[in-house]
Amino acid sequence: MSFLQDILAKGQSLLKFTPAVNSVVGIDIGTSAIKIVQVTRDGGKIKLETYGEIGLGSYANDKSGKVVTLAPEVIAKAITDLLRESNVTTKNAVISIQSQATLIFLLELPEVKDSELATLIPNEARKYIPVPLTEVSLDWYVVPKAEFYVDEVSSADSASAIRKKNEVVVVAVRNETLSQYAQIADKSGIVSRGNEIEIFSAIRSVFHREITPTLVIDYGAGTTKVSIVEYGVVRAYHVINRGSAFTSESLARSKGIDFDKAEELKKTVGLTAVPGQEEIAKAIETDTAYIVSEIQTILMGYERQSHKSVTKILLCGGGSMMPGFLEKISQTFGVETVFGNPFGKAEAPQFMEPVLKKAGPEFTVAMGLALKDFV
Ligand SMILES: Nc1ncnc2c1ncn2[C@@H]1O[C@H](COP(=O)(O)OP(=O)(O)OP(=O)(O)O)[C@@H](O)[C@H]1O
Ligand SMILES: [Mg+2]
C-alpha cells in the first residue's frame, strides 16, 4: 500500500527525508501507555527484534492504566526508559501522532493538474478545518482511480463522469502538535524518521489483501478510533471521545472500588458471564453499549452514503481485548470480526507466537510505524 508512504512523503512538514536504514523502532505514544516495536530488515525478511510497553500513569504520579496528559520532556523520559528496558538497539525511530490532534477527511474535487491541486485543496479543506489554515500543516493523497472506480462503474457514461473527479484524502495536523512531537523526538535521543498518524500505521500492520470495506476499531484507553478502509484507502474516520479507561473509572465510581481493582475486573470479567460477577458485567455492558452505538452510527452513515456494506471488522487497541468484546461486536454487526495480528508481518521465534498473538492488538500502531520504511 504505497500511499501510506506517499501520504507523508510529499515533502511537507510531516516527514523528514533520511537515508535508508536496516533497523527501525516504532514508538506509539498512547494516552495511557507507550508501546514500541523494533524490526530489522535482513535481506528480504523482516525480523522482530524486540517490543515493549510502559504505562504513563506513574509519570503523572497516577495509577497505571489512567489517561494522562504529559509535557513533551516527560514523554521523552518515558520513551528513554522504555527503549532501555526493552533493549532497543537502534536510534532510528518513527513516532505516531495521536488522532485527537488530527483531522482526516475526503474531498471530491474536479480533475485538475497536480500543480493546481496545491491551491485547490487548501481552499476546499478550509471548510472542514475549524482553525485558521496558518495554524495547521496539510498533507493529501489523491486516490488512484484505477484502484478505486474503474472496476466498479458499469456504464461508459458514469465511468467518464467519475473520471472527471478527483478523490483526495486530506490530513490536517496542528503546527503546535508537530512542534511538540519534534520536542519529544529531540529530547528522547532518537533519530527521527518522521511521524505518522496512527490510523495509517494501524492499516499497514494489520491489513493483508482486504479490498472490500473493512471497519477498523482501535479501542484505546482515552479514545476509540473508528475507520472504514477500502482498497487501502481511509474512506471514513472518526474519533469517539471515550476509551477503555472510562469503563474502569466509571466501574470504580459506581461500585465504590479502587481504579486498580476496576481495571482488573474489566480484564477478567469484562462482558462475560462470570458467576457472582453479574453486576460487574452489567455495568461494563452499559459503557460498552455507548461505544457500540457510536460505531453503529458511523457504519450506517458510511453504508448509506456509499451504498456498500462493511464486510469485515478488525479490532485493535488494548480495550478490544476485554473478554466478550469481540463477540459483542461480531453479534451486533453480523460480519466477520477478528483481532488485528500485527506481529504476523515479522519473523519471530516460533515459541513466542502465542504471546505475540495475544499482545497483538495493543501493538498494532507501534508495529505499523516500525514497518513504515520496509513495506
Ligand atoms: N485484556 C484486557 N481487557 C480489557 N481491557 C484491556 C485489556 N488489556 C488492556 N486493556 C485496556 O486497554 C487500554 C490500553 O490500550 P492501548 O494501549 O491501546 O491504549 P492507548 O494507546 O494508551 O490509548 P489511546 O489509543 O486512546 O491513546 C487500557 O484502558 C487497558 O485497561
Ligand atoms: Mg492507542
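Guide: Welcome! In this predicted model, local features need pLDDT of at least 70 and side-chain atom pairs count only at pLDDT 80 or more, while totals for chains, interfaces and linings use all residues. Residues are numbered from 1 along each chain as its sequence is written, chains are lettered from A and ligands numbered from 1 in the order in which they are written, and side-chain values use heavy atoms, with hydrogens and water left out.

Visitor: Why are α7 and α12 called roughly perpendicular to each other?

Guide: The axes of α7 and helix α12 (residues 353–371) cross at roughly 85° and come within 7 Å. Axes are lines fitted to C-alpha atoms, for helices over the stretch in contact, and angles run from 0 to 180 degrees between N-to-C directions. Angles under 35 degrees count as roughly parallel, over 145 as roughly antiparallel, 65 to 115 as roughly perpendicular and the rest as oblique. The two helices are therefore roughly perpendicular.

Visitor: Which residues make the contact of α7 with α12?

Guide: Contact means heavy atoms within 4.5 Å. On the α7 side they are Glu198, Ser201, Ala202, Arg204, Ser205 and Val206, and on the α12 side Thr364, Val365, Met367, Gly368, Leu369 and Leu371. By class, this contact has six nonpolar, four polar and two charged residues. Here Ala, Val, Leu, Ile, Met, Phe, Trp, Tyr, Cys and Pro count as nonpolar, Asp, Glu, Lys and Arg as charged, and the others, Gly among them, as polar.

Visitor: What makes α10 oblique to α11?

Guide: The axes of helix α10 (residues 278–306) and helix α11 (residues 325–333) cross at roughly 40° and come within 11 Å. That angle makes α10 oblique to α11. Glu285, Thr288, Val292, Ile295, Gln296 and Leu299 in α10 meet Phe325, Lys328, Ile329, Thr332 and Phe333 in α11. These residues divide into six nonpolar, three polar and two charged.

Visitor: What makes α2 oblique to α6?

Guide: Helix α2 (residues 72–85) and helix α6 (residues 175–187) pack at about 40°, with their axes 8 Å apart. That is what makes α2 oblique to α6. In α2, Pro72, Glu73, Ile75, Ala76 and Ile79 meet Gln180, Gln183, Ile184 and Lys187 in α6. This contact has five nonpolar, two polar and two charged residues.

Visitor: How many cavities of 30 Å³ or more does a search of the whole structure find?

Guide: The search finds one. On a 1 Å grid over the protein atoms alone, a cavity is a set of points where a 1.4 Å probe fits but cannot get out, and a pocket is an open set with protein on both sides within 12 Å along at least five of seven lines; lining residues have an atom within 4 Å of a point. The largest cavity holds about 60 Å³ of space. Among the residues lining this cavity are Ser99, Glu198, Ala202, Lys225 and Val365.

Visitor: How much space lies in the second largest pocket, and what lines that pocket?

Guide: About 760 Å³ of space lies there. A volume is the space filled by probe spheres set on the grid points, which are joined across faces, edges and corners. The lining has 39 residues, and Ser32, Glu53, Gly318, Gly319 and Glu362 lie nearest the centre of the pocket. Helix α12 gives the most to this lining, with five residues. By class, the lining divides into 12 nonpolar, 16 polar and 11 charged residues.

Definitions and conventions
Helices (H or I, at least four residues) and strands (E, at least two) are DSSP runs, numbered from the N terminus.
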